[in-house]
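Open your viewer and get ready to select a few residues. We will visit a pair of helices, then some ring pairs.

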Amino acid sequence: MTREEILNSNWTKTKKGEALFDLGFTRLQVADLICNGNRGFSYNIWKKWNEARTANPQPSAPINFEFEFTRKFGVEIEFFGANPSLTQNFRNSGLEARTESYNHSSRPHWKFVSDASIRGINAQEMVSPILQGKEGLSDFRKACKALRQSNAQVNTTCGVHVHLDANDYSIENFRTLVKNQFFIEEQIDKIMPSSRRANANRYCKGFKSLGRTTLFAKIDNCQTVNQMAQYFGSRYYKLNLQSFQRHGTVEFRQHGASTNFLKIKNWILICARLVEFSKQNILITDLNQILDENLQEFFEDRELSLA
């Protein structure tokens with residue numbers, strides 16, 4: 001239902017408020033829309049609604065979820081030891097690339113910056129420009145090929161970071177995404193190398209150690225994504241919200257080092273599905289609920305190979 005249909009219905013204020021929260025409206029908006037500005041009443045509706053959803057994530061059954069990958073995204077790959085033809089190999093592939101000093105600025109071209117966290121000779125990080133959908137994946141495939149042609153190497157100090165545009169997210173969408181990440185964190189750990197599971201890596205810590213009750217209470221009290229990002233106090237989590245402040249994205253930092261296009265592409269699509277699904281403000285307990293058959297097979301194969 002739309003906002004107008006909900007407001008014009010003959011439902012009680014409580015039912016209207018719950019329906020508006022389902023659409024992603026904030027407590028303040030609901031207070032203005034149906035409670036004559038009474039924030040206390042709005043909070044009471046939200047508390048009941050949130051407790052029901054938090055206590056009852058969707059059971060492990062398939063969910064009818066239509067997905068088309070059209071979201072903007074970006075990828076960072078950490079590596080070392082590439083030969084001097086790196087930039088030229090990118091240009092030969094039709095991708096403009098430049099080597100720059102360390103910076104966090106978005107560029108219209110592919111850039112290579114130094115990275116002191118990587119152990120290896122000539123350690124660098126490749127940062128993509130803003131990509132989008134299937135066309136972006138096509139360019140990313142060319143980039144992975146150019147890295148391999150340049151003999152780029154990786155080790156356990158390297159990682160792959162995926163950014164997904166979140167400018168269409170409401171505060172409730174962010175809450176749902178964090179909670180879903182919490183619920184499926186241990187499942188995702190199974191397809192990651194041991195160096196990037198649980199809290200084994202200080203550059204991609206998990207949410208589980210924060211505790212469900214404490215974590216959920218803290219993020220539920222946040223009224224903006226900036227408050228939520230400040231609560232975590234660092235960008236070094238498997239799911240980083242601080243990137244929204246700088247780039248308007250959520251960043252998935254957990255994936256292990258790789259220049260393998262197919263492996264990273266599947267991870268991008270898994271993250272994109274989680275971001276897209278969480279916009280519905282529905283909690284899940286099993287990542288496979290929102291994956292298609294190809295991604296489920298990929299997930300199973302990765303889990304078996306890393307067991």
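Helices here (H or I, at least four residues) are DSSP runs, numbered from the N terminus. Axes are lines fitted to C-alpha atoms, for helices over the stretch in contact, and angles run from 0 to 180 degrees between N-to-C directions. You are looking at a predicted model, where local features need pLDDT of at least 70, side-chain atom pairs count only at pLDDT 80 or more, and totals for chains, interfaces and linings use all residues. Residues are numbered from 1 along each chain as its sequence is written, and side-chain values use heavy atoms, leaving out hydrogens and water.

**Stop one: two helices.** Select H11 (residues 261-278) and H12 (residues 293-305): their axes come within 11 Å and cross at roughly 120°. H11 and H12 are therefore oblique to each other (roughly parallel is under 35 degrees, roughly antiparallel over 145, roughly perpendicular 65 to 115, and oblique the rest). Now show the side chains in contact (heavy atoms within 4.5 Å): Lys 263, Asn 266, Leu 269, Ile 270 and Arg 273 of H11, with Leu 295, Phe 298, Phe 299 and Arg 302 of H12.

**Stop two: aromatic rings.** Rings of Phe, Tyr and Trp (its six-membered ring) pair if their centres lie within 6.5 Å; planes under 30 degrees apart are stacked, over 60 edge-to-face and the rest tilted. The structure holds 17 aromatic pairs. Select Phe 174 and Phe 244, an edge-to-face pair with 5.2 Å centre to centre and 75° between the planes. Phe 174 lies in helix H7 (residues 171-189) and Phe 244 in helix H10 (residues 243-247), 70 residues apart.

**Last stop.** Which residues do ring pairs link into a cluster? Select Phe 79, Phe 90, Trp 110 and Phe 112 to see them.
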